[in-house]
Amino acid sequence: MRLLSFEITGGEYKNFKQGFKFEHFNVIPENPITVIIGQNGTGKSNLFEILIKIFKSVELKTRVGFDFILKYEINGKEAIINGRELSKGTDIRTYYNGESVYQEVFAENYLPKHVFAYYSGDTKRLEKEFDDPKRVFEKELFEEKEGVDLRRLLLVNESHIPLILMTLF
């Protein structure tokens with residue numbers, strides 16, 4: 001998955017207000033991994049929280065809390081998630097390669113296969129965004145469902161870092 005752009009089209013999330021648009025990602029063409037790096041206090045964790053909220057909203061049909069458009073490249077084609085906050089929940093519209101796709105089909109085929117996040121801060125704020133996906137995964141494991149894959153959304157801690165670096169490089 002490669003991030004292309006993100007925009008808040010209504011409402012706000014922490015320091016990102018309506019009209020916030022992020023579309024200037026440095027891209028290495030042959031590398032399908034997106035890494036977000038920056039100085040403390042620049043909004044990296046907030047952006048990660050937003051991405052996790054959006055991916056959860058597609059997969060688990062949870063609320064996001066603001067209107068947005070997220071564009072990214074996956075499998076060489078553009079994927080778009082467009083969300084609008086309504087009183088009953090978040091209305092999600094999903095598109096792949098310019099075609100409208102049912103949310104369930106999109107979740108199965110066009111969400112990133114794995115999103116690993118690492119947060120070195122003192123608070124548990126990012127950790128709570130991973131709680132629902134973790135519960136769903138554990139429930140599927142305990143029910144011994146067939147074909148349970150690795151968790152899509154995974155928050156890693158300091159003890160995981162050497163292992164992850166060894167697999168990437």
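A nonpolar core here is a set of buried Ala, Val, Leu, Ile, Met, Phe, Trp, Tyr and Cys residues joined through side-chain atoms within 4.5 Å. Buried means under 20% relative accessible area, exposed over 50%, and partly exposed in between, with a 1.4 Å probe and protein chains only. Please keep in mind that this is a predicted model: local features need pLDDT of at least 70, side-chain atom pairs count only at pLDDT 80 or more, and totals for chains, interfaces and linings use all residues. Residues are numbered from 1 along each chain as its sequence is written, and side-chain values use heavy atoms, with hydrogens and water left out.

**Stop 1: the core**

Select Phe6, Phe55, Phe68, Leu70, Tyr72, Ile81 and Phe106: these have the most contacts inside the largest nonpolar core, which has 34 residues. Now colour by element, where helices (H or I, at least four residues) and strands (E, at least two) are DSSP runs, numbered from the N terminus. Elements that give two or more residues to this core include strand E1 (2–10), helix H1 (44–60), strand E5 (67–74) and helix H2 (103–109). Which element gives the most to this core? That is H1, with eight residues.

Next, centre on Phe6 and show its contacts (heavy atoms within 4.5 Å). Leaving aside neighbours within four places in sequence, Phe6 meets Phe20, Lys21, Phe22, Leu47, Ile50, Ile54, Phe66, Phe68, Ile69 and Leu70.

**Stop 2: along H1 and past its end**

Pick Ser45, which is part of helix H1. Is Ser45 buried or exposed? Its relative accessible area is 19%, so Ser45 counts as buried. Not counting residues up to four places away in sequence, Ser45 touches Tyr119, Arg125 and Leu126.

Then move to Lys61, in the loop between H1 and E5. Lys61 is not a glycine, yet has a positive phi of about 55 degrees. With 52% relative accessibility, Lys61 is exposed.

**Stop 3: the sheet**

Two strands are taken to pair if DSSP finds at least two bridges between them.

Zoom in on E6 and E7, which run antiparallel and are joined by eight bridges. A hairpin links E6 to E7 through two residues; select Leu86 and you will find its bridge partner, Gly89, in E7. E7 is mostly covered, with six of its eight residues buried.

Carry on to the pairing of E7 (residues 89–96) with E8, which is antiparallel over three bridges. Tyr96 has Glu99 of E8 as its bridge partner, while Tyr95 has Ser100 of E8. What lies in the loop between E7 and E8? Asn97 does, and in this hairpin, with two residues between the strands, Asn97 takes a positive phi near 55 degrees. At 47% relative accessibility, Asn97 is partly exposed.

**Stop 4: a surface patch**

Finally, switch to a surface view and select Leu165, Leu168 and Phe169. Together these form a nonpolar surface patch with about 370 Å² of accessible area. Leu165 belongs to helix H4 (residues 161–168), and its 44% relative accessibility makes Leu165 partly exposed. Patches are made of residues with over 30% relative accessible area and no salt bridge, where like charges are joined within 9 Å and nonpolar side chains (Val, Leu, Ile, Met, Phe, Trp, Tyr) within 5 Å. A salt bridge is a side-chain nitrogen of Lys or Arg within 4 Å of a carboxyl oxygen of Asp or Glu. Accessible areas come from the Shrake-Rupley method with a 1.4 Å probe; for residues, only the protein chains shown count as cover.
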